Amino acid sequence: MPNKATQFNNGIPKVQFIDNRPSSAGRGYGVRWQKYSRAFIKKHPLCEICLKRGITTAARCVDHIRPHKGDMKLFWEKSNHQSACIPCNSRKAAMEEGGFGYKKKPETSGERILRLAMAGSM
Ligand SMILES: [Zn+2]
C-alpha cells in the first residue's frame with residue numbers, strides 16, 4: 001500500500017527526503033555551525049584578517065579561509081577556519097564568491113557598494 005511520500009516521488013521510495021528537505025541548515029549553516037562558531041570565537045576572539053593588518057577588532061563570525069563552495073569536508077575542516085569581523089568576512093566573501101551563499105538574502109547597502117566597486121573600475 002503506497003503512502004503519500006512514495007506517491008510524491010513517483011514510486012521511488014525516498015520517504016526520508018520528504019521530512020529532510022534541503023534548507024540553509026543543509027548547506028552547513030545550521031545549529032551545529034552556530035554552536036561551533038560561537039565556541040571558536042570564544043577561543044579566538046579577534047578578527048584574524050584585521051590582526052594581519054595590525055588592527056585589533058572583535059571577531060563576529062568564523063570565516064572559511066578557502067571558500068568551501070558547498071564542500072562539507074572543507075566547510076568543517078578546522079584548519080580552514082579563522083575568526084573574522086563582519087566587514088572582513090563580507091569583503092572576503094564578495095571577492096571570492098560574490099555573496100558567500102547568501103544570494104537569496106537582500107544585501108546591505110555597504111555590501112552593495114562593495115560589490116559594485118569590485119565589479120566596476122577595480
Ligand atoms: Zn576584520
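Here is a short walk through the model, stop by stop, with something to select at each one.

Before you click, note that this is a predicted model, in which local features need pLDDT of at least 70, side-chain atom pairs count only at pLDDT 80 or more, and totals for chains, interfaces and linings use all residues. Residues are numbered from 1 along each chain as its sequence is written.

**The whole chain**

Start with a cartoon view. Now colour by burial: a residue is buried if 20 or more other C-beta atoms lie within 10 Å of its own, exposed if 12 or fewer, and partly exposed in between, with C-beta atoms placed from the backbone. On that count, 13% of the 122 residues are buried. Contacts are worth a look too, where two residues are in contact if their C-beta atoms, placed from the backbone, lie within 7 Å. Of the contacts between residues at least 6 apart in sequence, 48% join residues at least 24 apart.

**Helix H3**

Select residues 31–43. This is H3, with 13 residues and a reach of 19 Å from first C-alpha to last, close to the expected 18 Å; the expected span is 1.5 Å times one less than the number of residues. The number of buried residues in H3 is 0, so the helix lies largely in the open.

Move on to Cys47, in the loop between H3 and H4. Is Cys47 buried or exposed? Cys47 is buried, with 26 other C-beta atoms within 10 Å. Leaving aside neighbours within four places in sequence, the contacts of Cys47 include Thr57, Ser83 and Cys88.

Next, select Cys47, Ile49, Ala59, Ala84, Cys85 and Cys88 together, the 6 residues of the largest nonpolar core. Such a core is a set of buried Ala, Val, Leu, Ile, Met, Phe, Trp, Tyr and Cys residues joined through C-beta atoms within 7 Å. Centre on Ala84: beyond its neighbours within four places in sequence, its contacts include Glu48, Cys61, Asp63 and Asn89.

**Lys69**

Jump to the loop between S1 and helix H5 (72–76), where Lys69 sits. Lys69 has a positive phi of about 45° although it is not a glycine. Most residues other than glycine have a negative phi. Lys69 is exposed, with 11 other C-beta atoms within 10 Å.

**Helices H6 and H7**

Select 86–96 for H6, where Cys88, Asn89, Ser90 and Ala93 are buried. What covers them includes helix H4 (48–52), strand S1 (61–64), strand S2 (81–84) and H7. Ala93 has 20 other C-beta atoms within 10 Å, and its C-alpha is 8.9 Å from that of Asp63, 30 residues away along the chain.

H6 and H7 pack at an angle of about 35°, with their axes 10 Å apart; axes are lines fitted to C-alpha atoms, for helices over the stretch in contact, and angles run from 0 to 180 degrees between N-to-C directions. Show side chains for Ser90, Arg91, Ala94 and Met95 of H6 and Glu111, Leu114, Arg115 and Met118 of H7, which make the contact.

Key: Helix = DSSP H or I, 4+ residues; strand = E, 2+ residues; numbered from the N terminus.
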